Amino acid sequence: MGVTTGLLSGLSSAIATQRGHMIAWVPVCFGAGIGFYFSLRFEPDLGTWLAVAAACLVLAGLARRAPETLSPFLVALVLMGAGAGMAAWRTHAVGEPVLQFRYYGPVEGRIVRVDRSQSDAPRILLDQVWMDLRGPPPKYVRIALHGDLDVPDLMAGRRVMTAAHLSPPPGPAEPYGYNFRRQAWFDQIGAVGYSRTPLVMGPPGGETPFWAGLRARVSSAITSNMAPREGAFATAIITGDRAHIPREVLDDLRAANLAHLLAISGLHMGLLTGVVFATIRLIGAAMPYAALRAPVKKISAVAAIGAGAMYLGLSGANIATQRAFIMVCVMFVAILLDRRALTLRSVAIAAMIVLVLRPEAVVSAGFQLSFAATTALVAVFGALRDGPEVLRKLPAPVRGALAVVISSAVAGAATAPFGAAHFNQIAQYGLVANLLSVPVMGMVVAPAALVALALWPLGFGGLGLWVMKWGIAWILMIAHWVAGWEGATIAVPAPSTLVLAVIAIGGLWLCCFRGVGRWMSAPILWAGVILWSVTPRPDVLVSEGGALIGIMTPEGRALNKLRGEAFAAGVWLENDGDSAAREVAVARWPEDQMFGTLRLFGSGDLHLAQLSGRGWRDQLADACDIGVAAVVVPYKFEDPIPEGCDIRDQRSFYATGAWAIYDGVLVTAREVEGTRPWAPAD
């Protein structure tokens, strides 16, 4: 007890010496409460939340009177309770109807967004949905357009009609995996599926939204003035429309760690508003009368906020762009209030605003990547600003080049663990690619895009697009060149949620603390790395529906079938850190575990069998006589069940979700997810 008290006292004393950076921990504690809420396997009732609110009030009162060594911990508990409560409120506030069964039939709606699916098929998001249902239809429906369809020029605001196969948003592809069903709940997508029926284009769905119509016109102007590859890139960074980017271009950008250039987030919003701010301030400074009598700096800040708001609307206002806009608003408001713009306090305020508005963002890749990079950059350049005098005496061109190198290295290092965790790969040469591309993005592409948008109403936008295309061509060339280097990417296995939490705490400790206390981050970061290295992968995985099975072998995961359930197969191999193609994984299946339509698999003392394919009924008796714990049948089993045989058919898998077996212990996705609003009890 004495040792524990001493450690807490020492920790609180260390925190007390860092009061200038204490606000940086506010969103951390608030986000921890949100994360705790999402980790629950049940939905707390109203009585529980009233008790939590009462406890927070009591703790807040105690924190005002508690000793200085104890007060920060009480405040942290209050913030965690507030974060959990805010996440619960948001969960119930966004609730919309969700399709409860598989549906095939007519679907009509208005196009909200156009993008591409993982299989590179065109995909549309519809609102104002009509379906042949007895109850209310979902608010949003997402449909991938498969087959050799003559896809028309899809435009937001137009109504379309088709016949589609739809189902509820699927659960995780494996227990503890990415939960698309939860994300769809917050995006208010109530049904997903595909169509092989040609679209019938209807009239605009009422009045076409202003921004949707503007995006369509700008996208059309860009694609008509640029080559397809460069035009697709330009459309993506200006209007947010990524539907026309070829798959090979995306693969090159990801392998070179340049995919972030496509996401309209902090980099783009910062470049745009920064160019506007600097341009107007430079013009004001060049006019002595205005420079002496008007607050040019504040006028520039207001103009930059306005430009950011217009870019937000033009780009579709997705979550990443909203987050970036909030961040730049906080920075420019600080300028209006005569405060320093780039501080950890500004980053913390922006993070809190995002988490209050969208608590679910805390588990998203975009939130983690953007704030990891921003926090690290602000901390490092803040330290350099107060650093050695020799750095401030360097010539301006040298300082600019050094800033590019440092910013690319710092941002890459800060985002590397989060990018590897979410995308299961590390781009080895990402620093080289970014050093060769980001300056071109900032000095050529972004200013040219601003010029093109400014001159577009006058009919001279093509001038800016002409300059843009050369910068984009350079970026695409660098991406293709670097992606072709041997070992450009390294596949890594997926970590547990705890690993990312530990690494995030270690990184924040490194950025926020000063002096000797800063180096306490080293053991925290090492703990995260060690936990990552010992995170186990399942010995056996069975997909939702029971058709796809993956068993771990010395060569890597072996899959039982070559066709179908491509998403689950890809996710399993990626989470294993296995870059093998599916054909290779299928060839790994041991021959002594495959007998016609019967496959044997298991882990530890748990042995199972699967029957699939033609003639599977002929081997049912043999499968039951083997003595396995259960027989998996990926169909609706209507036949009499042999005595003493445990049959797990398609319906039972839909109830439990995907399976994972760790050393003989069976875990289902439903057990991990629990009963939540996005995953109600059957």
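Start by selecting strand β4, residues 158-167, together with β5: the two run antiparallel and are joined by 3 bridges. Keep in mind as you click around that this is a predicted model. For a way into that pairing, pick Ser 167, whose bridge partner in β5 is Val 192.

Now bring in the strand on the other pairing. Select β3, residues 140-145, and you'll find 6 bridges to β5, this time with the strands running parallel.

How many of the 7 residues of β5 are buried? Colour residues 189-195 by accessibility: 5 of them are buried, so β5 is largely enclosed by the rest of the structure. While you have strands on screen, remember that side chains in a regular strand alternate between the two faces of the sheet.

**A loop stop**

From β4, move along to the loop between β4 and α5 (180-187) and select Tyr 176. Its phi is near 70°, a positive value in a residue that isn't glycine. Buried or exposed, this Tyr 176? Show the surface: Tyr 176 is exposed, with a relative accessible area of 53%.

**Two helices at an angle**

Next, select helix α6 (residues 210-225) and helix α11 (residues 296-314). They pack at an angle of about 85°, and their axes are 9 Å apart. Anything from 65 to 115 degrees counts as roughly perpendicular, and α6 and α11 are therefore roughly perpendicular to each other.

Show side chains where they touch. On the α6 side you want Trp 211, Leu 214, Arg 215 and Val 218; on the α11 side, Met 310, Gly 313 and Leu 314. Sorted by type, the residues of this contact are 5 nonpolar, 1 polar and 1 charged.

Hop over to helix α8, residues 247-255. Which of its residues are buried? Select Val 249, Leu 250, Asp 252, Leu 253 and Ala 255: those are the buried ones in α8. Then step just past the end of α8 to Asn 257, where phi is positive, at about 60°.

**A quick look at Ala 291**

Select Ala 291, in helix α10 (residues 288-293). Ala 291 is partly exposed, with a relative accessible area of 37%. Leaving out residues up to four places away in sequence, Ala 291 touches Gly 284, Ala 285 and Val 296. For a sense of scale, draw a distance from Ala 291 to Ile 530: the C-alpha atoms are 57 Å apart, and the two residues are 239 residues apart in sequence.

**Another helix pair**

Now select α14 (residues 365-385) and α19 (residues 497-512). Their axes come within 9 Å and cross at roughly 20°. That makes α14 roughly parallel to α19, and the crossing is left-handed.

For the contact, show Gln 368, Thr 375, Ala 376 and Ala 379 in α14, which meet Leu 500, Leu 508 and Cys 511 in α19. By type, the contact has 5 nonpolar residues, 2 polar and no charged.

**The five-stranded sheet**

Select 5 strands in the order β11-β10-β9-β17-β18, an open sheet with antiparallel pairing. Which strands stand at the edges? They are β11 (556-559) and β18 (665-668), each with a single partner strand, so one side of each is left without a neighbour in the sheet. Look along the sheet for its twist, which averages 20° from one strand to the next.

Zoom in on β17 (residues 659-662) and β18, which run antiparallel and are joined by 4 bridges. Trp 659 stands opposite Thr 668 of β18. In the loop between these two strands, pick Asp 663. Asp 663 has a positive phi of about 50° although it is not a glycine, and it is exposed, with a relative accessible area of 63%.

Conventions
Residues are numbered from 1 along each chain as its sequence is written. This is a predicted model: local features need pLDDT of at least 70, side-chain atom pairs count only at pLDDT 80 or more; totals for chains, interfaces and linings use all residues. Side-chain values use heavy atoms; hydrogens and water are left out. Buried means under 20% relative accessible area, exposed over 50%, partly exposed in between (1.4 Å probe, protein chains only). Two strands pair if DSSP finds at least two bridges between them. Axes are lines fitted to C-alpha atoms, for helices over the stretch in contact, and angles run from 0 to 180 degrees between N-to-C directions. Angles under 35 degrees count as roughly parallel, over 145 as roughly antiparallel, 65 to 115 as roughly perpendicular and the rest as oblique. A crossing is left-handed if the near helix is turned anticlockwise from the far one by less than a right angle, and right-handed if clockwise. Contact means heavy atoms within 4.5 Å. Ala, Val, Leu, Ile, Met, Phe, Trp, Tyr, Cys and Pro count as nonpolar, Asp, Glu, Lys and Arg as charged, and the others, Gly among them, as polar.
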